[in-house]
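Look at the structure first, then read on.

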Amino acid sequence: MRRALFVLVLAPVLLAACSSSSHVSAPTIAPARTFRLAGFAPAHAVQPGRPTTLAFTIDQPSGAPLTQYRRGPGPHTGVHVIVVRDDLSTIIHHHPPIADGGQVSDRITFPAPGRYRVLVDVYPANLPQRNFQLFENVEVAGTYHPQPIPSFSPTVDVGGYRIAIHGKPKLRAIQAAFLKVTVSDANGRPARFTPWFGALAHAIFFRAGTLAYFHTHVCGANTPACAGVFGPARISGHSSTPGHLSVGVLLPQAGTWRLFLQCKVDGKILTAPFTLHVR
């Protein structure tokens, strides 16, 4: 399994002095300080279709477990666990509980064979960084049949609802944009959204090949502390009318991306995948 580390780079302090010696001493650079996933399970291949315990602790650069996380309303709290198969055909999105000692444990059912990226989006308390991501890979046993990424389609039918992007998106890397989306039932009536994990909708993006990741939210009057800021750009979406979503996009690289748009309607979590091309 390949492990991602969040790195805090410590700049060494160099003291310069005049000397007649020709000997030059190279500075000693300490190893980078990192956050890491410790005790990650499962450590071996798992079976598809069977509930599997996913567990880990996040170790701080000091080696001590991270135990203090952001709390309160809104989606920018705790730990988000997002699982995606490397062909971008499947996504699982959970917000598992965190034990007092920092241990995180969840039950995940991997639906089919293949390699899955387990991305952990972390919101620590009392640290300079608002959030950071760590990841591990999980192998699911069996014959892997990767699915080709489909071309862009403006509509997805899921769970008795139609989710539609209006207009063909014209997206460029590092340029904020908004997608106009509608959600309607089989009779064409607009859906009424229920807050889920602190937002009316979650827009989760993964890039084909590299699995680069981005995540924004759609906020409403009943989702306090939902909005997010990325540098000078405010790209959180909004919804003030049943069935209508404005989805913020700010992707860091050109390429083919998959958007997994998730919302809760009539007690059900709807996940609509869309293919987006970014120039």
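The charged end of Arg117 lies over the ring of Phe135, 3.9 Å from the ring's centre. A charge sits over a ring if NZ of Lys or CZ of Arg is within 6 Å of the ring centre and within 35 degrees of the ring normal. This is a predicted model: local features need pLDDT of at least 70, side-chain atom pairs count only at pLDDT 80 or more, and totals for chains, interfaces and linings use all residues. Residues are numbered from 1 along each chain as its sequence is written, and side-chain values use heavy atoms, leaving out hydrogens and water.

There are six aromatic pairs in the structure. Rings of Phe, Tyr and Trp (its six-membered ring) pair if their centres lie within 6.5 Å; planes under 30 degrees apart are stacked, over 60 edge-to-face, the rest tilted. Two of the pairs are listed here.

| Pair | Centre to centre | Angle between planes | Type |
|---|---|---|---|
| Trp196 and Phe197 | 4.6 Å | 25 degrees | stacked |
| Phe206 and Tyr213 | 5.5 Å | 45 degrees | tilted |

Trp196 is buried at 12%. Phe197 is partly exposed at 29%. Phe206 is buried at 0%, and Tyr213 is buried at 15%.

Notes
Buried < 20%, exposed > 50% of the residue type's maximum accessible area, 1.4 Å probe, protein only.
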